[in-house]
Amino acid sequence: MGPSVRFVSGIAWNVTDNQLSWGQISETVHYWINNKLGGHAMKGETIVPNDRRAIYDVNKYSAAIRSGDLLFCSGHVGCHMDGTPEPDLAKQIDLAFQNLIGTLGEAGCTLDDIIDVTTFHTDPEAQFDTIMEVRDRYVKGPDYPNWTAVGVTWLNGFDFEMKVIARIK
């Protein structure tokens, strides 16, 4: 009798050997992408605001990737046009939102289209009030996106970073 495979949260688990089955994971991922996410198994369309292209070219990553009706935005920080961090925390967060708005706009989205947010903070306890004050200027209710805040020790000179997933309408 062959190994028993269970699918738990989209991951294949080989019960007999107590190991993940990478082939099954690959099949599961491709099934979900092709049948549940609109058939975009490849990386999708790259989105980079024209006024920020040099920063992304130097750092070799995309501001966002459009896949089906979803837009996956990479971490956005409060950097100036030359890529340097804004030293004032409130201004840095504000600039991060402005940079994100530019990326969302390139894909035809707005802040209202965001369904999931992950933020990274170098000192969450000390920064929380400032983060919430700036965030509240941009994020309006009553339908708020999911939000996960993560404390980190390093953000390459920044104190705040956010990545989002938006639904493209």
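This is a predicted model: local features need pLDDT of at least 70, side-chain atom pairs count only at pLDDT 80 or more; totals for chains, interfaces and linings use all residues.
Two strands count as paired if DSSP finds at least two bridges between them.

Take β4 and β5. They pair in the antiparallel sense over three bridges. Within that pairing, E45 stands opposite R66 in β5. On the next strand, R66 stands opposite L71 in β6. β5 and β6 run antiparallel and are joined by four bridges. They also form a hairpin, with two residues between the strands. G68 sits in that turn and has a positive phi of about 65°.

Carry on to β9, residues 160-167. This strand pairs with β6 in the antiparallel sense, over six bridges. There, L71 stands opposite A166 in β9.

Now the whole sheet. What is the strand order? Reading across, it is β4-β5-β6-β9-β7-β8, an open sheet of six strands with mixed pairing. β4, residues 45-47, and β8, residues 146-151, are at the edges; each has a single partner strand, so one side of each has no neighbour in the sheet. On average, neighbouring strands are turned by 15° against each other, ignoring direction.

Next, the helices. Helix α3, residues 89-106, lies across β4, β5, β6, β7, β8 and β9. It runs at about 150° to β6. Helix α4, residues 124-138, lies across β7, β8 and β9, at about 145° to β7.

Which residues form an aromatic pair? They are F97 and Y138, and the pair is stacked, with 4.5 Å centre to centre and 0° between the planes. F97 belongs to helix α3 and Y138 to helix α4, so the pair ties together parts that are 41 residues apart in sequence. The count of aromatic pairs comes to one.

Last, the largest pocket. It holds about 350 Å³ of space. Its lining has 16 residues, and the closest to the pocket centre are N59, Y61, V77, N156 and F158. Which elements each supply at least two residues of the lining? α2, residues 53-59, does, and so does β6, residues 70-77. By type, the lining divides into eight nonpolar, six polar and two charged residues.

Note on methods:
Residues are numbered from 1 along each chain as its sequence is written. Side-chain values use heavy atoms; hydrogens and water are left out. On a 1 Å grid over the protein atoms alone, a cavity is a set of points where a 1.4 Å probe fits but cannot get out, and a pocket is an open set with protein on both sides within 12 Å along at least five of seven lines; lining residues have an atom within 4 Å of a point. Grid points are joined across faces, edges and corners, and a volume is the space filled by probe spheres set on the points. Ala, Val, Leu, Ile, Met, Phe, Trp, Tyr, Cys and Pro count as nonpolar, Asp, Glu, Lys and Arg as charged, and the others, Gly among them, as polar. Axes are lines fitted to C-alpha atoms, for helices over the stretch in contact, and angles run from 0 to 180 degrees between N-to-C directions. Contact means heavy atoms within 4.5 Å. Rings of Phe, Tyr and Trp (its six-membered ring) pair if their centres lie within 6.5 Å; planes under 30 degrees apart count as stacked, over 60 as edge-to-face and the rest as tilted.
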